[in-house]
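Please look over the sequence and the model below.

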Amino acid sequence: MENALFTCERLADITGVDAPAVLPFSTGVIGQQLPVDRLTAALPAAVDALAEDCWMEAARAIMTTDTLPKGVSRTLDVDGSTVTITGIAKGSGMIRPDMATMLSYVATDAQIDQAILQQLLGAAVDKSFNSITVDGDTSTNDACVLIATGASGVHIDKGSRLAAFTAVLDEVMTTLAQAIVRDGEGATKFISLRVSGAKDTEEAREVAFTVAHSPLVKTAMFASDANWGRILAAIGRASVDSLNVSLVDIAVGGVSIVEAGEPAASYTEEQGAAAFARAEIEVHISLHRGDVEATVWTCDFSHEYVSINADYRS
C-alpha cells in the first residue's frame, strides 16, 4: 500500500494535482511488489509524452500475457454534433464475471452528469465485461473506468440522445470484452453461448456460465470433438431449480444436435465435427422454461493455456 501511495504522490507532484486525484491500477503476480523506483523514474517522460492520439500506446503499455493491444473508438451524431467514445482494455487470463484480472478505460467527450454516467457504466459492464469468461478464475485487481470530459459541449441526459449514446457505449464495451476473450491465453476459438427459453436472466446466465466454465467442454472445443454430451451434462448440473433436461435443445453452428434432451434425429457426426471445427462457434441452448435469453462469450482450452500458466513466473 505504501508503494501505491508513494507512486500516486509522485505523479501528483509532476502533474500539479492533489494526490487523492490520482488513482492507481495494477495487475500481475499477486503479492509481488511493483518496481517503484523504475516506475517513478519513468513518470516524467510518460507525462511529457501524453497526447490525444496515444490510445494504442497506452493499451500496449498495460499488456501482460496479452498478445496484442485492445482498443476501439466510435462516433455518433447528436443533432449535428459529433460525440466520440474511445476505450482500451487489457486481459487474457484469470477472466470471469466481476471482471477479474482485467483493466479497461473508456472516455467520451460528451457532457454527462456523474449519476447518469455511473448508471450507464454499470449497465454496459453487465452486458460486456461481466458476460465473458476465459478460464473461470478471478484475481485481486480489476477495474473499468468511464470518463466524460465534456469537451464536445454536447450534453446528454435523456430521450433519444441518451438512447443513441447508450447503444454506442454498449458497442464499445462489448467489442473490448470480446477482444479479451479472442485473445484469451492460448485460445484458438471464440465461442458464443446463447441460452434462450429461460425464466429469467439469472438462470440463463447460470446455464451459460456453467457450460462456459467446463474444462471438458472447452477442451472438446479445442480438439474439434463434437462431444455434445459434455454440454448437456454441464447444463444438467447448473444451479437452476427444477431444470428438466428432457426439454433441452442444443444447436452448434446452426446444426441441431440435441432435441428434447435426446440426440436429434437428423444429426450426424460429420455435421458435428464441421460445426466444432470452426474458429468461431455459436452454441444455442434452449431450455423451454420461459422467454428470457442471455449470451456469454468464452474460448477454448489449449495446450498453450497450460504452458502459459505453468511458466508464468519462470
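A disulfide is counted when a pair of cysteine sulfur atoms lies within 2.5 Å. By this rule the model has zero disulfides. The model is predicted: local features need pLDDT of at least 70, side-chain atom pairs count only at pLDDT 80 or more, and totals for chains, interfaces and linings use all residues. Residues are numbered from 1 along each chain as its sequence is written, and side-chain values use heavy atoms, with hydrogens and water left out.

**Cysteines**

Why is Cys144 too far for a bond? Its closest cysteine sulfur, in Cys8, is 19 Å away, so the distance is too far for a bond. Cys299 is in no disulfide either. The nearest cysteine sulfur to that of Cys299 belongs to Cys144, 20 Å away.

Burial is judged by relative accessible area: buried means under 20%, exposed over 50%, and partly exposed in between (1.4 Å probe, protein chains only). Cys144 counts as buried at 16%. Cys299 is buried with a value of 0%.

**Salt bridges**

A salt bridge here is a side-chain nitrogen of Lys or Arg within 4 Å of a carboxyl oxygen of Asp or Glu. Side chains of opposite charge can pair when their charged atoms come close. How many salt bridges does a search of the whole structure find? The search finds nine. Three of them are set out here.

| Salt bridge | N to O distance |
|---|---|
| Asp183 and Lys70 | 2.7 Å |
| Glu171 and Arg74 | 2.8 Å |
| Arg161 and Asp79 | 2.9 Å |

Helices (H or I, at least four residues) and strands (E, at least two) are DSSP runs, numbered from the N terminus.

Asp183 and Lys70 link distant parts of the chain, 113 residues apart. Asp183 is in the loop between helix H5 (159-182) and strand S5 (190-198). Lys70 is in strand S1 (residues 70-78). Both partners are buried: Asp183 has 6% relative accessibility, and Lys70 has 3%.

Glu171 lies in helix H5 and Arg74 in strand S1, so this pair ties together parts that are 97 residues apart in sequence. Glu171 is partly exposed, at 36%. Arg74 is partly exposed too, at 30%.

Arg161 and Asp79 are 82 residues apart. Arg161 is in helix H5, while Asp79 is in the loop between S1 and S2. Arg161 counts as partly exposed at 28%. Asp79 counts as exposed at 62%.

Leaving out residues up to four places away in sequence, Asp183 touches Asp66, Thr67, Leu68, Lys70 and Ser92.

**The largest nonpolar core**

In soluble globular proteins, nonpolar side chains tend to be buried together. A nonpolar core is a set of buried Ala, Val, Leu, Ile, Met, Phe, Trp, Tyr and Cys residues joined through side-chain atoms within 4.5 Å. The largest one has 37 residues. Phe129, Phe165, Leu169 and Met173 have the most contacts inside it.

Several elements give two or more residues to this core: S1, S2, helix H4 (114-127), strand S4 (143-148), H5 and strand S10 (292-299). Which element gives the most? H5 does, with nine residues.

**Annotated sites**

An unreviewed UniProt entry places the feature "binding site" at Thr64, Lys90, Thr101, Glu185, Asn309 and Ser314. Positions follow the numbering used here, feature names are shortened, and annotations may be inferred rather than shown by experiment. Of these residues, Thr64, Lys90, Thr101, Glu185 and Asn309 are included in the lining of the second largest pocket. On a 1 Å grid over the protein atoms alone, a pocket is an open set of points with protein on both sides within 12 Å along at least five of seven lines, and lining residues have an atom within 4 Å of a point.

Thr101 sits in the loop between strand S2 (81-90) and strand S3 (103-108). Is Thr101 buried or exposed? Thr101 is buried, with a relative accessible area of 9%. Its contacts, not counting residues up to four places away in sequence, include Thr27, Lys90, Ser139 and Asn141.

Notes:
On a 1 Å grid over the protein atoms alone, a cavity is a set of points where a 1.4 Å probe fits but cannot get out, and a pocket is an open set with protein on both sides within 12 Å along at least five of seven lines; lining residues have an atom within 4 Å of a point. Contact means heavy atoms within 4.5 Å.
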